[in-house]
Amino acid sequence: MIEPELAAVFIGSSIRLAAPLLLAAAGEYVSERAGVLNMSVEGMMLAGAFAGATASWLTGSPLLGLLFGVLCVLPIAWLQAFLSITLRANQIVTGIGINILMLGATTLGYRALFGSRSRAEIPGLDKWAPPGLADVPYLGEHVFTQTWLLYATLLLVVGIAWVMRSTATGLAVHAAGMSPQAASHSGLKVRRIRYGAVLFTGFMSALAGCFLSIGDIHTFTEGMTSGAGYLAIAAVIFGNWKLGRTLLACGLFGAATALQFQLPALGVQVPSALLIALPYVLALLAVGGLVGRQVAPTALAQPYAGR
Amino acid sequence: MSWRTSLLIRLRPSPALLVSAVAVLLAFGMGALLIALMGVPVGEAVAAFADGAWGSPYALAASLNRALVFMLVGLGFILAERANLTNVGGEGQIAVGGIAATAFALWAPVAGLPWGLSFVVPLLGACLAGALWGGIAGVLKVKAGTNEVIATLLLSFIAIWMVYGSVQSENLLRRPMTSSATLPESLEISEATQLPLLTGDASMPLHAGLLLGIVLGIVVAVILRRTVLGLQLQATGLNPRAARRAGMPIDRLTIGVLCAAGAFGGLAGACMLQGEQYTLKAGFSSGYGFDGLVVGLLARGSVPGVIAGALLFGFLRSGGINMEMVAQVPTALVVVIQGLIIVTLAGAALGIQRMEARKP
């Protein structure tokens, strides 16, 4: 029999671990829908985590940290867009290149700025529980009391779903990723749409990075994203390029990560490496077609030579 | 045309070479600027870098051993690239190669084989493991139409954690625990299973894998330039439908070439383990596969390009480590330089293509 408190802690930490993935994955979803395989989410998350933590530490205000995180990541997203859309560079190469660059730059910056002061506590985002829900036994404390950014994440995802499904903008994004030629003929500016989508991914990745550093653990560590960006891409694939399923995939990945902290507490001996690898195995099975047919946007990762 | 003029024409720097050289120089310039900004005398840092990269027989051997790993992964990459397949799974292929090499080397019957076989069998085991890992992506591509970039990337992450798992469990490769302080790593492999040192002298630990690398470099160059197989791969890459119409077994070619690329990665993992580290540790391949991938990408399909890139990255890594120890410049600087080189060259690719197309 599992104690209710332990179960509540598990659910709460699954949600908390899924949230940064969801932010990044929702951003990546938009970019891939527009036809750009944005591999640099990992690097942009890392940059966001670093810039957010630094600004929060310097100003004492996590909100300014969040703002600064976003402002610093937008130029990086622009670089990704410029390389892959205007210069038509290989999207995988540019993504990995930017990830390597950001890993180096943030590590260097961290050493230069924090140096011996590392491990310094950084002012973090406030926790909050929706009124009424805070008093539910067990759940109120462990599940619903979360960083407010988590609730903002859910709102953002609902907003993205609405825009993508019901507005002209959403339709244009879909068109740019499915058939750029046809979209261009009907008067849409494909490149501009793709630029917008990649910049939006940058915005979401920055929030995801800030969630890690100033939302969750209140510090920055070198290379702290450790593959979360790639996991977000895996979530989009696992979600078959649909937002609802991507959300479920993030929840699943979050739970798999939470399990690795919970199982030892329950006395279950499962190698933690197995659990950490689990999301990647699931994603591989998904792209291998074991979870139904995969329907990627047809022009995904193909540069568009026209306007 | 006399051989002299034809040689001269060949030696005329191509746009690609020029752009690459400029990109590398720019990145180095940027690195020097960052060093100066950090308040470290640039001369001192450069001296430390050179010392660590090629300043002593030991440093030179370490750089060349690293370069070999990058070269093997890069060779596998350009082989697959010829068929228009992008193998980004070098990291995972190195990891499974390392696991297999360790498992074979620690297996008593193998360690007891006559000298020569005792280190060749683990090497072959690693090739097989790497081929299997690359082959999964090939089979998925052929059977399910899965993009090989995504498959090889996911396989890499799985393999990295497999290394962690295999050294964490005593039932697998973890050394028997003698105290609670026993690290999660394998036993050291026996001397018979280690790759012999070319100089026979530990002050210059250049291992025999280098010879293998040279041979394989020639083999890949010949395959790409002079064989039917190279042509078939190219045809498959350029227009799979036409290639199939022409009777080429493109499914088999696709799976086969990804297996081959994987085998190169596995071999690279075995060389790291049997040539340098001798003990399997979690994270033993930290980033080598991704560096090798970049070397392959930058080589633009040529074996000399792979060799040049591998040497560059090998020296960068060794020099960077020494720069951190001696001049207190974080190795992250070298990572920044690598990132800059990749981004610049990727961005310049379209321009290079156009310049090359304009060439008579």
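Is A:S226 buried or exposed in this predicted model, and what is its relative accessible area?

**View 1. A:S226, a residue with positive phi in a loop of chain A.** A:S226 is exposed, with a relative accessible area of 59% (exposed is over 50%, buried under 20% and partly exposed in between, with a 1.4 Å probe and protein chains only). Although A:S226 is not a glycine, its phi is positive, at about 30 degrees, and the residue is found in the loop between α9 (190–217) and α10 (228–238) of chain A (helices are DSSP runs of H or I with at least four residues, numbered from the N terminus).

**View 2. A:N240, in the loop between α10 and α11 (243–266) of chain A.** A:N240, a residue other than glycine, has a positive phi near 55 degrees, and at 4% relative accessibility A:N240 counts as buried.

**View 3. Packing of α2 (residues 15–37) and α15 (residues 332–358) of chain B.** The two helices pack at an angle of about 155 degrees with their axes 8 Å apart (axes are lines fitted to C-alpha atoms over the stretch in contact, with angles from 0 to 180 degrees between N-to-C directions, and contact means heavy atoms within 4.5 Å). That angle makes α2(B) roughly antiparallel to α15(B), a word used for angles over 145 degrees. Residues making the contact include B:A23 and B:A27 of α2(B) and B:L340 and B:T344 of α15(B).

Residues are numbered from 1 along each chain as its sequence is written, and chains are lettered from A and ligands numbered from 1 in the order in which they are written. In this predicted model local features need pLDDT of at least 70, side-chain atom pairs count only at pLDDT 80 or more, and totals for chains, interfaces and linings use all residues, while side-chain values use heavy atoms, with hydrogens and water left out.

Conventions: Parallel < 35°, antiparallel > 145°, perpendicular 65-115°, else oblique.
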